Amino acid sequence: MYSFIVAVAVLLNLSQAFPGMAQKRNIASITGDRLTTVAEPVQARDTAAAYPPFLGKRAADVRSPCPGLNSLANHDICPRSGKGYTVPILTKCLKDGLNVGGDFALVVGTTGIGSNPNPLTLQFDLDQLDRHNIFIEHDASLSRADTIAGDNHSFNQTIWDTVLDYYTGMSDTSIPVAAKAKYNRVTTEAERDPAFFYGPVQFVLSYGETALYLSTMGDPITGVAPIEYVRALFEEERLPYQEGWKPTTTPTTLATLGAMVLELNAANGEVLPEGLILGESSLRAVFKGLDPITGAVLSPILQTISGLLGVIA
Ligand code: HEM
């Protein structure tokens, strides 16, 4: 109860600091939303036709630099418009579409909201995730160019091909190969991007993203995924039901992602920033706007949003 009162007080305070935001929401609706975040278990269906069809993007819809969110929106599992994503919406659609747990949805949703220039609306649009080095978007992506090259948002086949090259002759992903492909993106951009920035936050996030595609297209424990599934996700922003993919029966959670991030790093030997301990805790830290090494607050706004949404530890 005490933390609820503090959260409301913070909201009211910040409403005064950001006029025009607070009146759009009332506190009852925020807390009401929060109570409806328990997602239904994922139900496996018999045929591809029984899953939500690929609908794609309409002219007014917006998309993100994230192949996972774009794919979910293209099937209208997450809102097809790409607009107005709240934590309850995200929690349900990540669970329904990819069997990703509410623990991840809550923290990543907080970060998504932080990318909205008007964060006290407690929602975000997918194109707001383009904001570079604000929260999630960073250099050395697997399938997007660095910001300095002019387009950090759109799928880039040339860059993605440098990742696929590592899988030549293979039909499935593996943690060691994914790890090497990911590290190559870092060394490549470090050499050619004069504005290259890759601090501890970006280090953690980029491992998390590799773990996400291995987990959701394959297996959250082994990281083995058919490469054709992974290609559909990145290249067409489509969930590969037609090819036989179904959401994994094991959920992807912060704990599974944290464990896989550690394995990925062990497999490629990339030197960790001094003092960084990879795993679930460092993932939680970056999504809460904390320095994953020192715990120092890097983003007061993310701290505030985390408090409002009840994100703990
Ligand atoms: C749970 C399902 C999700 C999956 C499977 C997923 C997967 C991925 C992958 C594989 C990447 C790397 C793309 C690349 O390096 O080219 C990525 C990037 C990104 N994701 Fe997601 N993601 C998911 C959810 C989210 C959510 C909920 C958010 C935000 C609220 C988000 C925001 C981003 C952003 C901003 C990037 C760009 C990072 C960069 O600069 O490379 N993702 N995601």
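Predicted model: local features only at pLDDT ≥ 70, side-chain atom pairs only at ≥ 80, totals over all residues.
How many residues surround the ligand, and which are the closest? I looked this up before anything else. I found 26 residues around the ligand, with Cys66, Gly68, Gly112, Ser141 and Ser143 as the closest. A residue counts as near if its C-beta atom, placed from the backbone, lies within 6 Å of the molecule.

The elements that give two or more residues to this shell are α3 (67–74), α4 (87–98), α5 (102–114) and α8 (200–217). Helices here are DSSP runs of H or I with at least four residues, strands are E runs of at least two, and both are numbered from the N terminus.

Numbering runs from 1 along each chain as its sequence is written.

Next, the fold. I get 12 helices and zero strands. Of the 313 residues, 44% are buried, meaning 20 or more other C-beta atoms within 10 Å of a residue's own; 12 or fewer is exposed, in between is partly exposed, and C-beta atoms are placed from the backbone.

Then I checked backbone angles. Aspartate 76 has a positive phi, near 60 degrees, though it is not glycine. I located aspartate 76 in the loop between α3 and α4, and it is partly exposed, with 16 other C-beta atoms within 10 Å.

Glutamate 237 also has a positive phi, near 50 degrees. Glutamate 237 sits in the loop between α9 (227–236) and α10 (254–268). I logged glutamate 237 as buried because it has 23 C-beta neighbours inside 10 Å.
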